[in-house]
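Subject: Structure handover

Hello,

Here is the structure I said I would pass on. My notes on it follow below.

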Amino acid sequence: MNDEPRTTKTAPPAAADPGASSGSSQGPESPEKLRRVAVASFIGTAIEFYDFYIYGTAAALVLNEAFFPNLTPLNATLASFSTYAVAFAARPLGSVIFGHFGDRVGRKSVLVASLLLMGLSTALVGLLPGYGSWGVWAPLTLVLLRFLQGIGLGGEWGGAALLAVEHAPKGRRGLYAAFPQLGPSIGFFAATGIFWLLSAALDDAAFRSWGWRIPFLLSFLLVAVGLFVRLKISETPVFQRVMERQEASRVPTLEVFRRFPKELLLGAGGMIVAYGLFYTATTYCLSYATKTLGVARDTMLGLSMVACLFLAAGTWLAATRSDGGGRRKLILGGCGLAVVWGLVLFPLLDTEQPVLIALALGGALFCMGVVYGPMGAYLPELFGARVRYSGASLAYNLGGVLGGAVAPLVATRLQAGLGSASVGWYVSAMAVVSLLCVLALPETRERELG
């Protein structure tokens with residue numbers, strides 16, 4: 001097989017950018033510029049993951065009643081989680097679409113488009129009438145908006161990670177990649193926090209009638225903030241060099257499958273445990289604790305916020321230390337911890353004791369952070385510059401389909417049929433799969449980005 005890059009002469013050289021380096025991707029960048037890049041990558045992912053996570057929280061708490069009132073409680077919960085899973089199925093498609101243009105047009109412009117699509121789709125959920133007003137059109141429209149959310153988020157992470165990694169000096173790529181990796185922690189904290197405040201301030205009827213819509217409507221404001229920040233950043237030096245040499249890939253996704261099939265599939269496998277841990281410990285455990293164990297809604301929301309601090313800590317510690325000790329070693333360590341923690345997660349949760357519940361959720365999210373933090377640099381480093389947006393995004397989001405989309409659905413079925421302990425075994429099994437996938441991949445810390 002001929003693996004030499006196929007160049008295209010149709011792409012014009014990128015216009016000069018006064019804020020971008022025209023030299024090597026490892027050339028010096030001004031501290032002010034690097035700060036802008038870090039802030040832009042962090043704020044963008046925080047906003048987009050806030051949008052994504054408020055849907056998960058609403059799915060666990062109210063969407064079953066608002067959009068599926070004619071189903072039994074179990075089937076309504078499964079239907080609610082199924083609409084939640086729709087976005088994961090859409091995310092690889094978003095990776096293909098946004099990755100194509102991100103590898104041919106540029107990282108910056110694509111990130112602006114993904115933010116708009118994600119934010120507006122989210123805000124419209126807050127305006128969507130329920131089943132009582134629109135009948136079957138309400139859940140159908142909900143599925144469509146959730147699908148568009150997935151398309152938008154499918155293009156977000158890869159671009160934000162590349163924005164940080166392709167600007168960063170070689171020996172500090174893990175550090176700068178930590179900023180977009182912190183976005184999910186802050187986005188989840190904000191999403192859970194707003195629901196916690198509304199749950200505490202409103203009576204149950206008001207919360208279920210209109211209060212749950214407020215977090216979605218706030219997305220209008222957050223999109224404006226995100227656009228303001230992202231429009232001020234420059235294109236990455238690595239992509240500028242690709243364009244200057246007229247080496248843009250004709251069809252980036254096809255080139256990824258042809259030249260990087262191992263990196264794509266094993267990278268996706270490595271992400272399974274991160275997604276599985278997160279959506280089991282947040283979306284599913286929130287539903288399980290409130291509806292099965294009878295833990296108060298505001299108590300669980302507050303404990304989820306505490307647990308999110310463990311996620312942020314694990315993400316930052318592992319990402320920043322990956323520049324010295326290597327990405328692969330830390331990811332493997334996080335997978336190993338997750339194998340063990342899956343077995344203690346539900347015994348701790350089933351005690352119904354707030355401190356032990358916080359420990360259960362916090363431990364799971366810390367394990368997830370240790371895996372997730374280094375992935376911000378690891379996945380982009382697996383792929384060549386001309387297809388890096390498509391490759392990293394696809395690996396990331398295919399892992400989401402396998403680990404995130406099905407986790408709440410599988411967990412709900414397992415718990416109903418075999419008890420909560422079986423859900424813990426499922427989490428541990430996902431961790432073993434990810435560990436084996438990362439074992440088959442190389443260390444990437446010393447690689448040049450091109």
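Which residue forms a salt bridge with Arg-208? The partner is Asp-204, and the closest N and O atoms of the two are 3.1 Å apart. Please keep in mind that this is a predicted model, and that every value here is computed from it.

To stay with that pair for a moment: Arg-208 and Asp-204 both sit in helix H8 (residues 204-209), and because they are 4 residues apart there, about one helical turn separates them. Arg-208 has a relative accessible area of 28%, so it counts as partly exposed. Asp-204 is also partly exposed, at 41% relative accessibility. The two belong to a network of salt bridges that also takes in Glu-65 and Arg-297.

The chain as a whole

The chain has 19 helices and 0 strands. For 450 residues, a compact globule would have a radius of gyration near 22 Å, and the 21 Å of this chain agrees with that. The C-alpha trace spans about 60 × 45 × 40 Å along its principal axes. Of the 450 residues, 60% count as buried. If you look at contacts between residues at least 6 apart in sequence, 87% of them join residues at least 24 apart.

Salt bridges

Side chains of opposite charge can pair when their charged atoms come close. The structure holds 16 salt bridges. One of them joins Glu-166 to Arg-388, with 3.0 Å between the closest N and O atoms. Glu-166 lies in the loop between helix H6 (137-165) and helix H7 (173-201), while Arg-388 is in helix H17 (residues 388-405), so this pair ties together parts that are 222 residues apart in sequence. Are the two residues buried or exposed? Glu-166 is buried, at 0% relative accessibility. Arg-388 is buried as well, with a relative accessible area of 2%.

Another salt bridge is formed by the side chains of Arg-386 and Glu-255, at 2.7 Å from N to O. This pair also links distant parts of the chain: Arg-386 is in the loop between helix H16 (354-381) and H17, Glu-255 is in helix H12 (residues 252-259), and the two are 131 residues apart. Both Arg-386 and Glu-255 are buried.

A nonpolar patch on the surface

Which residues form the nonpolar patch on the surface? They are Leu-93, Val-96, Ile-97, Phe-101, Val-105 and Phe-147, which together have about 470 Å² of accessible area. Helix H3 (residues 73-104) gives the largest share of the patch, 4 residues. Leu-93 is found in helix H3, and with a relative accessible area of 39% Leu-93 is partly exposed.

Asn-64

The last item is a single residue. Asn-64 lies in helix H2 (residues 63-67) and is buried, with a relative accessible area of 7%. Leaving aside residues up to four places away in sequence, Asn-64 touches Pro-69, Ala-76, Thr-77, Ser-80 and Lys-291.

Regards

Notes. Residues numbered from 1 in each chain as written. Predicted model: local features only at pLDDT ≥ 70, side-chain atom pairs only at ≥ 80, totals over all residues. Heavy atoms only, no water. Patch = residues over 30% accessible without salt bridge, like charges linked within 9 Å, V, L, I, M, F, W, Y side chains within 5 Å. Areas by Shrake-Rupley, 256 points an atom, 1.4 Å probe, with all protein chains shown as cover. Salt bridge = Lys/Arg side-chain N within 4 Å of Asp/Glu carboxyl O. Buried < 20%, exposed > 50% of the residue type's maximum accessible area, 1.4 Å probe, protein only. Rg over C-alpha atoms; globule rule 2.2 N^0.38 Å. Contact = heavy atoms within 4.5 Å.
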